[in-house]
Amino acid sequence: MTQLQELARTLLSEAAVGVVIGWEEGPRGARPAFVTDPARADRLIFDRRCTANLATYLSPRRTHLAPLGKAAVVVKGCDARAVAGLIRETQIRREDVVLIGVRCGGVLADPASTAPLTADTVADRCPGCQAREPGLADHVVGDLPPAPPGEATRDALIARLDASSPSERWAFWMREFSRCVRCNACREVCPMCFCERCVADKTQPQWLESSPHPRGNLAWHLTRALHQAGRCADCGECARACPAGIPLGLLNRKIAQIVAERFDYRTGDDPSVPAPIGTYSLSDRQEFIL
Amino acid sequence: MNAKTITIANLTALVDDLVASGTCVTAPARAAGGKVDYRPITSFPEAAFNTELPRRSLKEFFLPPTEPLFSWRLGGPGIRISEVTTSFAPHVILGARPCDAAAVEILDRVMGWDYRDELWFGRREATTILSVACPGVDGSCFCTATGRGPESSRGSDVMLTPLGDVFLADVVTPKGETFVGENAKRFDDARGAAVTDGASRTSNAAAVGQPKLPLPEVQRWLAHGFDHELWSTIALACHGCGACASVCPTCHCFDIVDEPEGVLSGTRRRNWDTCQAARFTVHASGHNPRADQAARLRQRVMHKFWIYPSRFGEVLCTGCGRCARACSAGVDLPEVLRTITALAAPGGPEEAAV
């Protein structure tokens with residue numbers, strides 16, 4: 001039995017929690033698991049295929065999980081940022097969740113893959129990761145694996161897009177958005193999309209057109225990107241869930257770069273650090289105000 | 001009509017002929033990101049012919065993700081309504097997967113049931129589907145369990161089966177016969193014995209390893225399984241994101257919206273929607289009869305494997321496996337069906353209850 005399984009079994013058998021949310025082996029690789037019986041703690045795994053961010057299940061929107069009781073959730077360092085976000089924005093209280101941190105050496109972009117972790121198969125947020133030792137956790141298990149392979153290709157792609165002309169950037173994003181059918185998968189899997197009623201679902205007045213035509217798709221994706229400013233945990237789940245393969249992570253990453261530059265703020269795993277969207281400082285830059 | 005064959009060279013020429021005559025040709029083709037989608041091609045080499053399963057099914061060519069139903073303009077003596085056309089230009093889909101082609105015909109039933117959907121059938125009549133026998137995709141395939149198979153010609157007008165370096169072309173429908181007749185110079189007569197061999201080799205290879213699911217038993221279990229604890233268990237991981245429905249060849253629910261375009265005019269459109277979204281059933285009062293994800297996931301399984309077959313005589317699923325592949329949370333429809341099969345089995349835990 002692994003350290004993770006042992007800990008989960010103890011938490012469940014001592015009734016410290018009602019459910020341990022981790023990963024298990026599924027028909028298509030690693031997938032989320034909800035263990036309520038201590039005898040089944042041996043289902044839990046952690047390896048390079050544990051790509052999914054389980055912090056999403058802590059969102060109060062997941063009403064069907066509430067009957068299971070207090071949750072322990074297994075988090076990688078990046079996932080802990082989402083938990084911190086939920087605490088920072090008063091969606092959950094720190095004492096209402098037990099966090100089991102796992103030391104991480106990067107995960108595969110596709111949890112159904114059986115490939116080794118290489119520069120080609122690693123999730124694009126992993127290279128250069130600063131959160132391999134999970135913060136915020138009550139328990140940390142496992143040894144620290146080697147750093148994720150590869151280089152931060154995302155920032156290079158953003159730099160290329162930034163260097164292109166506005167019309168080329170427009171063409172790039174309109175081509176990507178043209179595949180969107182507004183299934184809302186990006187929103188539903190996002191740990192930080194916890195609004196009880198999303199602006200996109202409002203009809204009186206209807207702020208955003210729900211139709212997947214260029215106008216509606218542009219309005220939706222820009223609105224979502226701006227609502228994620230200084231909030232996105234960079235877990236990559238929106239892009240992974242998108243059945244159309246739209247590189248939504250690029251948008252969020254670009255916004256994060258702007259927030260870092262304008263407000264010297266990077267989304268981290270300390271919930272006591274306020275996010276720029278919820279704070280005011282006399283030193284905030286204001287040269288854009290006419 | 002006798003069975004025909006067609007060579008790659010003639011498929012290439014056929015696409016050239018069609019494009020030259022102004023016919024839109026859609027085929028699986030690789031998109032910028034390296035994935036395969038069904039999309040218009042202008043020459044055969046653009047097609048990723050019988051390589052990967054396209055990301056989305058064929059349904060968008062008959063029920064687009066968004067489409068106008070009519071436009072309105074206020075002013076003058078009253079409201080002026082502009083209808084949309086229900087007749088469409090000829091369209092050829094080349095290299096459809098059998099699971100996708102079958103889905104379109106299954107959907108004809110609901111689209112022509114209490115109301116004949118003119119937009120659906122307008123596109124259906126304008127479109128000729130040439131499918132190609134499937135080499136299989138991966139372990140999430142379960143087409144044979146839904147009563148079809150990798151070589152099934154259901155929903156196709158012409159069925160192509162790889163036969164060495166040519167394709168056997170079976171004419172399936174009168175529309176297919178017309179198509180082959182109009183393009184007769186691109187097809188050759190087939191020789192008998194090799195034909196049967198080629199067809200059976202393909203089907204055997206792709207059907208190997210697929211799960212056996214006794215759908216009548218699944219259906220019987222579902223008829224009494226509404227309150228079973230299974231639903232709350234399998235829905236734990238489900239985000240309600242609806243990615244499954246958007247890639248599904250048979251999910252066909254839509255929303256109707258009125259969109260103003262300026263002050264005095266606008267368009268009524270219908271857009272894809274999904275029972276996996278909470279807002280799909282929420283009432284104006286705020287009450288939602290499908291209160292949680294367990295109820296919504298149950299609806300998707302019930303509709304496909306109990307409600308639709310009860311009304312139309314066949315399941316609303318062709319076993320393409322896209323929902324399992326698209327799910328970021330690992331909810332796996334073949335696994336759900338295997339679980340129900342085990343629950344429903346004689347001597348199984350549910351025998352007494354059902």
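Let's start with the hairpin. In chain B, S8(B) and S9(B) form a hairpin with two residues between them. B:Gly164 sits in that turn and has a positive phi of about 65°. Strands here are DSSP E runs of at least two residues, numbered from the N terminus.

A word on the source. This is a predicted model, where local features need pLDDT of at least 70, side-chain atom pairs count only at pLDDT 80 or more, and totals for chains, interfaces and linings use all residues. Residues are numbered from 1 along each chain as its sequence is written, and chains are lettered from A and ligands numbered from 1 in the order in which they are written.

Back to the strands. S8(B), residues 158–163, pairs antiparallel with S9(B) over six bridges. Pairing means that DSSP finds at least two bridges between two strands. B:Thr161 has B:Leu168 as its bridge partner. S9(B) also takes strand S1 of chain B, residues 4–7, through four bridges, again antiparallel. There, B:Lys4 is partnered with B:Ala169.

Is S9(B) mostly covered or open? Covered: six of its six residues, 166–171, are buried. Buried means 20 or more other C-beta atoms within 10 Å of the residue's own, with C-beta atoms placed from the backbone. In a regular strand, side chains alternate between the two faces of the sheet. Here one side carries B:Val166, B:Leu168 and B:Asp170, and the other B:Phe167, B:Ala169 and B:Val171. Both faces are covered.

Now chain A. The domain assignment, automatic or from a database, gives domain 1 (3–141) and domain 2 (153–273). Their centres, taken over C-alpha atoms, are 24 Å apart.

Conventions:
A residue is buried if 20 or more other C-beta atoms lie within 10 Å of its own, exposed if 12 or fewer, and partly exposed in between; C-beta atoms are placed from the backbone.
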